[in-house]
Amino acid sequence: MILGTESAFSFSSFMDFNSELNNSYINTLKEGNIRDVLIANAGQGMLQKMDFQISFFGRFYLTYGYFLIGLWLGKIGLFQNVENNIPIIKRWLIRALVFFIITLLITGGLFALAPQPVDFKSWIHVLGINAYDWSNMALTAIILCGFILIYMKNRGGKYLSFFAPYGRMALTNYIFQSIIGTSILFGWGLGFLGKIQTSFLFVIAIILIAFQTIFSKIWLTHFRYGPLEWLWRSATLGKLQSFKK
């Protein structure tokens, strides 16, 4: 987390959700054709993402940290020798739960004491955001350890294995979700952005994930990879890979 004034990408404009800049961007998403949306996302939309990643909130540093943790877990062979590591995983789950509660209380306490409205140039707000980031890291550990422990149960592994094909086609499913989501919400599609309740979007997401999971399982009975996974693997290795089983 870095405390600064304004980034090179007009951080203050991005933080003001009622600014003319943001209102113009949202209106483009709501009413623009697909060309307008692509231009807006390639310009202001990309700058906002960069600002979120490397400026005040510094999400890039957390994301990079998660990659390093994943690399470390792979190096120590945690997932290749799970059964022998169950006691360690249980200990880390307990530690993560305790740490999560502590950091959540600190976050709540800091923001309760902080002056209103929120001013991210104030150190107390910055410390609150940092504490919140630590709670997110603890929650990540809770989810990871909990998932492993549930998966190692016979019944749990049986149910969770249902989603394995979905994970093997993660890139294809992600891009497909983006196409479906934007066609429902953006102006070049149905234009439901800001008009549809979050509960309905949640139901749509669950239905879409279920459909993709079933489709992925059927696809992988005939092919070795998802279509985009095959392209990515072929490009990475510099050679067309075997596609059909």
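The structure is a predicted model, in which local features need pLDDT of at least 70 and side-chain atom pairs count only at pLDDT 80 or more, while totals for chains, interfaces and linings use all residues. Residues are numbered from 1 along each chain as its sequence is written, and side-chain values use heavy atoms, with hydrogens and water left out.

The C-alpha trace spans about 55 × 50 × 40 Å along its principal axes. Of the 245 residues, 28% are buried. Among contacts between residues at least 6 apart in sequence, 56% join residues at least 24 apart (a contact is a pair with heavy atoms within 4.5 Å).

Phe-57 lies in the loop between helix H3 (34-54) and H4. Its C-alpha atom is 9.0 Å from that of Asn-130, 73 residues away along the chain. Asn-22, in helix H2 (residues 20-31), counts as buried because its relative accessibility is 6%. The C-alpha atoms of Asn-22 and Arg-91 are 69 residues apart along the chain and separated by 46 Å.

The largest pocket has a volume of about 600 Å³. Pockets were located on a 1 Å grid over the protein atoms alone, as open sets of points with protein on both sides within 12 Å along at least five of seven lines; lining residues have an atom within 4 Å of a point. Grid points are joined across faces, edges and corners, and the volume is the space filled by probe spheres set on the points. The lining comprises 22 residues, of which Ile-69, Trp-72, Trp-92, Ala-141 and Leu-144 lie nearest the centre of the pocket. Helices H4 (59-75), H5 (86-113) and H6 (123-152) each supply at least two lining residues, and H6 gives the most, with eight. By class, the lining has 18 nonpolar, three polar and one charged residues (nonpolar: Ala, Val, Leu, Ile, Met, Phe, Trp, Tyr, Cys and Pro; charged: Asp, Glu, Lys and Arg; polar: the others, Gly among them).

The largest nonpolar core has eleven residues, including Leu-73, Leu-78, Ile-89, Ile-142 and Leu-149 (a core is a set of buried Ala, Val, Leu, Ile, Met, Phe, Trp, Tyr and Cys residues joined through side-chain atoms within 4.5 Å). H5 and H6 each contribute at least two residues to this core. Apart from it lies another core of five residues, among them Tyr-25, Val-37, Ala-40 and Phe-186. Neighbours within four places in sequence aside, Leu-73 is in contact with Leu-78, Phe-79 and Leu-144.

In helix H11 (residues 227-237), the residues Glu-229, Trp-230 and Ser-234 are buried. Viewed down the axis of H11, the buried residues fall within an arc of 130°, so they line one face of the helix (the arc is that of the directions from the helix axis to the C-beta atoms). These buried residues pack against helix H8 (164-168) and helix H9 (170-185). On the other side of H11, Trp-232, Ala-235 and Thr-236 are exposed. Gly-238, which follows H11, has a positive phi, near 70°.

Technical notes
Buried means under 20% relative accessible area, exposed over 50%, partly exposed in between (1.4 Å probe, protein chains only). Helices (H or I, at least four residues) and strands (E, at least two) are DSSP runs, numbered from the N terminus. On a 1 Å grid over the protein atoms alone, a cavity is a set of points where a 1.4 Å probe fits but cannot get out, and a pocket is an open set with protein on both sides within 12 Å along at least five of seven lines; lining residues have an atom within 4 Å of a point.
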